[in-house]
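Dear colleague,

Please find the structure below, handed over for your review.

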Amino acid sequence: MIALIQHVTQAKVEVEGQIVGQIGKGLLVLLGVEKEDDQAKADKLAEKVLNYRIFSDENDKMNLNVQQIGGEVLVVSQFTLAADTQKGLRPSFSKGAAPALANELYEYFSQKCTEKVTVANGQFAADMQVSLTNDGPVTFWLTV
């Protein structure tokens, strides 16, 4: 399971011109699910995302997590994160989870995050337009 997280001042997802998810300060999480992923991995990744210290403290050091700053989380499914790009000039998606499993774990991951912070979501398998202001910019690739 893969999470590309971005420290944002705001982010939103639109589908067919309608906003389906929107947050203020917090994390945009682009979530990729692979074939071998399960709820245990989703638990670990949610814990890591929610506790990852990438927000500045009073000394301008990255010491605070999204929970400590009262931030929000926007979770967007992103199957392309599971792409194999090692060979050739076209990505292979053979490592990606089947849509049913990917959706199940995407929903599960989001629910786990909801237990600790305010969460908004994109729309699974939709053609989404994601807008954000990456603050810093600060972006990290997390895996479990």
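Phe-140 has a relative accessible area of 28% and is therefore partly exposed, a class that lies between buried (under 20%) and exposed (over 50%), computed with a 1.4 Å probe on protein chains only. The model is predicted, so local features need pLDDT of at least 70 and side-chain atom pairs count only at pLDDT 80 or more, whereas totals for chains, interfaces and linings use all residues. Residues are numbered from 1 along each chain as its sequence is written, and side-chain values use heavy atoms, with hydrogens and water left out.

Three aromatic pairs were found in a search of the whole structure; rings of Phe, Tyr and Trp (its six-membered ring) pair if their centres lie within 6.5 Å, with planes under 30 degrees apart stacked, over 60 edge-to-face and the rest tilted. One of them joins Tyr-52 and Phe-140, which is edge-to-face because the centres are 5.5 Å apart and the planes stand at 65°. Tyr-52 is partly exposed, at 27% relative accessibility. Phe-79 and Phe-93 form a tilted pair, with 5.1 Å from centre to centre and 55° between the planes.

Strand β6 (residues 72-77) is largely enclosed by the rest of the structure, because five of its six residues are buried; strands are DSSP runs (E, at least two residues), numbered from the N terminus. β6 pairs in the parallel sense with β3 (residues 26-32) over six bridges, where pairing requires at least two DSSP bridges. Four bridges join β6 to the parallel strand β7 (residues 118-121), and Val-73 stands opposite Val-119 in β7.

Yours sincerely
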